[in-house]
Amino acid sequence: MMSQDGIGVLLRTTRETAGRTREEQAQLVEAAQGGRYFDPENLKRWETEKRLPIPDWHETLANAYELPVEEVRRAVAASRQYRRQQGKETDVNRRRFINTAAAAAGIVTLPGIAQAREGIDGALSGSDAGDLAYLENAFERHRGGYHGRSPDAVLGEMREDLDLLKDVLNRPHPAGTRAELARTTAGITGLVAIVQHDRGDQRDAYRWFSTAEKAARESGDRRMTAWVLARHAMVPLNYGAPAAAAKLAQRARVEAGNSPTAAAALAAAVAARALAASGDHEGANQAVRDARHLAERLDGPESADTWFGYPLQKHHVHLSQAYTLLGDTDAAYSAQEDALDLTDSPSVMVRALLAMDTAACLRVDGDPTAAADMAAGVFERLPTSYREGLIRSRAEVLRRMLTGRPYDRLGEVLA
């Protein structure tokens with residue numbers, strides 16, 4: 001079903017009025033984007049509204065179809081609104097329940113995210129599926145990290161791709177392609193889980209990581225499974241359950257094996273933090289040594305600065321937290337300096353977390369007033385969209401270790 005004033009009707013009518021086939025129109029799209037290959041099947045999906053063109057395509061389509069770009073945007077908006085209206089009746093009760101539960105927990109939900117996860121999760125046990133071309137590109141695009149954007153903004157940008165992923169998972173395709181699709185699914189749903197973790201929506205992060213692990217195991221890719229488990233371990237680690245985090249990290253290390261991969265290094269680093277937080281300093285120090293040894297051997301994509309790589313900057317961020325939890329402030333300060341030297345992007349969250357580690361080290365070194373002042377100053381300067389979730393959790397852990405005026409000072413900005 002399509003909206004009569006939506007993008008499907010606009011593109012098809014304009015093309016047919018000009019007397020062009022889809023293949024001929026695809027050549028014009030290629031020309032409009034500088035000669036790069038364009039798959040005519042994308043036009044079919046847009047004309048039938050199986051998929052809607054994302055904003056990156058709006059200007060290209062306007063040029064290729066000789067339309068005002070605003071007309072393309074209006075038509076896409078009309079199609080999107082029509083889709084929402086069609087699904088509203090069946091979705092409204094579930095959405096009301098989810099929003100009510102989330103509001104009780106103090107969490108702001110984003111429309112459609114929970115429903116998308118349920119559809120993806122259910123489709124993983126379904127029939128073979130998988131046209132991966134676009135989704136693999138989307139996976140590569142999203143895994144680059146925040147780059148100064150807020151978690152809410154990143155999650156909003158992923159919304160249409162999650163709808164497409166749900167649709168592709170439910171189409172029949174050869175079994176060999178199914179494994180590739182499952183791996184891509186594990187990656188994309190794992191990214192959603194990371195963002196939900198950073199937003200402070202622990203319950204939904206657990207759900208998305210569970211879906212990601214299911215997809216990774218279906219793909220048969222142990223490295224992907226190890227990455228999902230290591231990332232999953234950071235949820236209980238950062239929200240007060242280090243023993244559970246240590247168990248997940250150990251499972252990740254078993255899946256990763258001894259090869260020098262980003263997943264193996266991440267699993268060792270998360271294990272070090274979890275063991276340190278649990279009081280197992282000997283185990284934590286051994287895990288730090290393992291993480292260092294693995295990190296030194298990484299290169300190429302394994303050391304790339306993405307959510308799937310383990311670059312030196314990320315390594316030092318993990319070491320900062322591990323050494324802070326171990327009470328080794330000299331090593332922690334050194335790791336913080338190394339991490340900041342390697343941080344050349346806006347990285348609002350990374351810089352804030354490193355500053356929180358520095359504040360925690362100041363407390364260990366006997367200056368609780370400076371610790372509270374630094375943590376409070378960091379929190380006060382944060383954009384509103386960053387004041388819930390991971391950074392708040394780190395600040396609240398520090399506050400519980402303070403007393404008197406420093407305790408009150410940090411409490412004032414967290415209230």
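Which residues does Ser-79 touch, not counting residues up to four places away in sequence? Ser-79 touches Ser-3, Gly-6, Ile-7, Gly-8, Glu-49 and Leu-52, where contact means heavy atoms within 4.5 Å.

## Basis of the model

This is a predicted model, in which local features need pLDDT of at least 70 and side-chain atom pairs count only at pLDDT 80 or more, while totals for chains, interfaces and linings use all residues. Residues are numbered from 1 along each chain as its sequence is written, and side-chain values use heavy atoms, with hydrogens and water left out.

## Overall make-up

The chain has 20 helices and 0 strands; helices (H or I, at least four residues) and strands (E, at least two) are DSSP runs, numbered from the N terminus. Of the 415 residues of the chain, 50% count as buried, a term that means under 20% relative accessible area, with exposed set at over 50% and partly exposed in between (1.4 Å probe, protein chains only). Among the contacts in the chain with a separation of 6 or more, 69% are accounted for by residues 24 or more positions apart.

## The nonpolar core

The largest nonpolar core has 118 residues, and those with the most contacts inside it are Trp-227 and Ile-391; such a core is a set of buried Ala, Val, Leu, Ile, Met, Phe, Trp, Tyr and Cys residues joined through side-chain atoms within 4.5 Å. Helix α13 (residues 262-278) gives the largest share of this core, 13 residues. Once neighbours within four places in sequence are left aside, Ile-391 is in contact with Met-349, Ala-352, Leu-353, Met-356, Phe-379, Leu-382 and Tyr-386.

## Helices α18 and α20

The axes of helix α18 (residues 368-381) and helix α20 (residues 404-414) come within 8 Å and cross at roughly 5°, axes being lines fitted to C-alpha atoms, for helices over the stretch in contact, with angles that run from 0 to 180 degrees between N-to-C directions. The two helices α18 and α20 are therefore roughly parallel to each other (angles under 35 degrees count as roughly parallel, over 145 as roughly antiparallel, 65 to 115 as roughly perpendicular and the rest as oblique). On the α18 side the contact is made by residues including Ala-372, Ala-376 and Phe-379, and on the α20 side by residues including Leu-410 and Val-413.

The buried residues of α20 are Pro-406, Arg-409, Leu-410, Gly-411, Val-413 and Leu-414, and what covers them includes α18 and α19 (390-400).

Ser-79 lies in helix α5 (residues 69-104) and is buried, with a relative accessible area of 0%. Its side chain makes a polar contact of 2.8 Å with the side chain of Glu-49, where a polar contact is a pair of N or O atoms within 3.5 Å; within protein, one must be able to donate a hydrogen and the other to accept it, and residues adjacent in sequence count only if both atoms are side-chain atoms. The C-alpha atoms of Ser-79 and Glu-49, 30 residues apart along the chain, are separated by 7.8 Å.

Asp-204, in helix α10 (residues 202-219), counts as buried at 6% relative accessibility, and a polar contact of 2.7 Å joins its side chain to that of Gln-196. Asp-357, in helix α17 (residues 348-364), counts as buried at 3% relative accessibility, and its side chain makes a polar contact with the side chain of Ser-320 (2.7 Å).
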